[in-house]
Amino acid sequence: MSDLAMLRGEFAQRFGGEPAFYQAPGRVNLIGEYTDYNGGFVMPAAIGFFTTVAIRPRSDRRLRVHSLNIAKTVELDLETLRTTQLPRRGQPHWSNYVAGVARSLLLHGVDLQGADLLIHGEVPIGSGLSSSAALELACALALADTAGASLEPQTLALLCQQAENQFVGTRCGIMDQFASACGRAGHALLIDCRSTEYRLLPLEAQMRSPDDLAAVRLVICNTEVRHHHASGEYNRRREQCELAVQYLNGIAGSVTSLRDVSLEMLQAQRGGMKDVIFRRSRHVVEENARVEGAAQALAESNLGRFGEYMYASHRSLRDDFEVSCLELDLMVRLATEIDGVYGARMTGGGFGGCTVNLVRDDAVERFSALVGERYRHATGRESQIYVCGSVDGVARVAA
Ligand code: GLA
């Protein structure tokens, strides 16, 4: 968690006065990748990296926003924000998230008031751990609360996704914002992204080694290769999924998303589909089944089976959906070489970023040392390895 005393001092110096604090977590996705915008299933958990916003209302209609990470201030005018073209060219990229969220809230009918905001993010940026969703949710709750509007976490998540889709330009699904909004300590979320209904899966209780009930940890390995999904590959994958839906709907009818497609139906249509579109679709259809299988395995504390689904998910993301990279593949391979590892896969949008690993508690130290050393040896890069607990979603925090 950010150091609130430090933020309070910075706030007083920069803007003056006593702020209120809000924080939202990043997330790791255990399984269910690129299924969210296909109406499918995902299994993320909110993790203990947070973005914190200190906020204090102003008497005018301006937002003054300072990012401590980037050491820059931007000013936004609430009167013109509804009609401003976003993303605002020439403005710092991060500020478009804040502007987008403010605009989504305004369009939703929240009567925002002017405010000073100080932002501090500790979710590693560009690592597939949803630093953008954490920024969006922390700002959304801070702005809504300051305006006296009380919105459900799910509604906040949808407004933040809308901000990212419409105003930042990434056509992301709902997973990241939903996890940052609705996360629960000690749990993962099993989200049906078509209905946005979700179930809490007790991780701490169920992640136990089958042999001796030793605790099993979520360990995240950061390749330190930055992803660039906004750069087009992410949106291109989404278009390919939409092409598949168009084609299959033309043949079978009543296909509104890849969620409506079975593996048999897909195999039967393979001959009429471009290979790349077929493979993208196969990933999504099989990944949905893997999430359901993994949830069942977790309910039975069968971590061996859960891990098999993770490895299969990684192979499919590498070969069919083609969103992995050499460093992620290497990280997963290194994990398989170590005793006490149940499963490993890339997590999030890919093209760099992180892997998520299930590791027996008593193997974590050895895992971290060996993976770190072998990764450095093979790539010349330092990796970061985090042992993560799952945490609650966005909230106001006491100063
Ligand atoms: C990014 C997006 C999510 C999701 C994942 C891939 O994190 O923001 O909506 O599509 O990629 O599963």
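**Helix pair**

I started with helix α3 (residues 93-107) and helix α4 (residues 131-146), whose axes come within 9 Å and cross at roughly 45°. Axes here are lines fitted to C-alpha atoms, for helices over the stretch in contact, with angles from 0 to 180 degrees between N-to-C directions. Helices (H or I, at least four residues) and strands (E, at least two) are DSSP runs, numbered from the N terminus. The angle makes α3 oblique to α4 (under 35 degrees is roughly parallel, over 145 roughly antiparallel, 65 to 115 roughly perpendicular and the rest oblique).

Next I looked up who touches whom, with contact meaning heavy atoms within 4.5 Å. From α3 I noted Trp94, Tyr97, Val98, Val101, Ala102 and Leu105; from α4, Ser132, Leu135, Glu136, Cys139, Ala140, Leu143 and Ala144. These contact residues divide into 11 nonpolar, one polar and one charged (Ala, Val, Leu, Ile, Met, Phe, Trp, Tyr, Cys and Pro count as nonpolar, Asp, Glu, Lys and Arg as charged, the others, Gly among them, as polar).

**Pocket**

Then I turned to the lining of the largest pocket, where α4 gives the largest share, four residues. I counted 15 nonpolar, 21 polar and seven charged residues in that lining.

**Source notes**

The model is predicted: local features need pLDDT of at least 70, side-chain atom pairs count only at pLDDT 80 or more, and totals for chains, interfaces and linings use all residues. Residues are numbered from 1 along each chain as its sequence is written, and side-chain values use heavy atoms, leaving out hydrogens and water.
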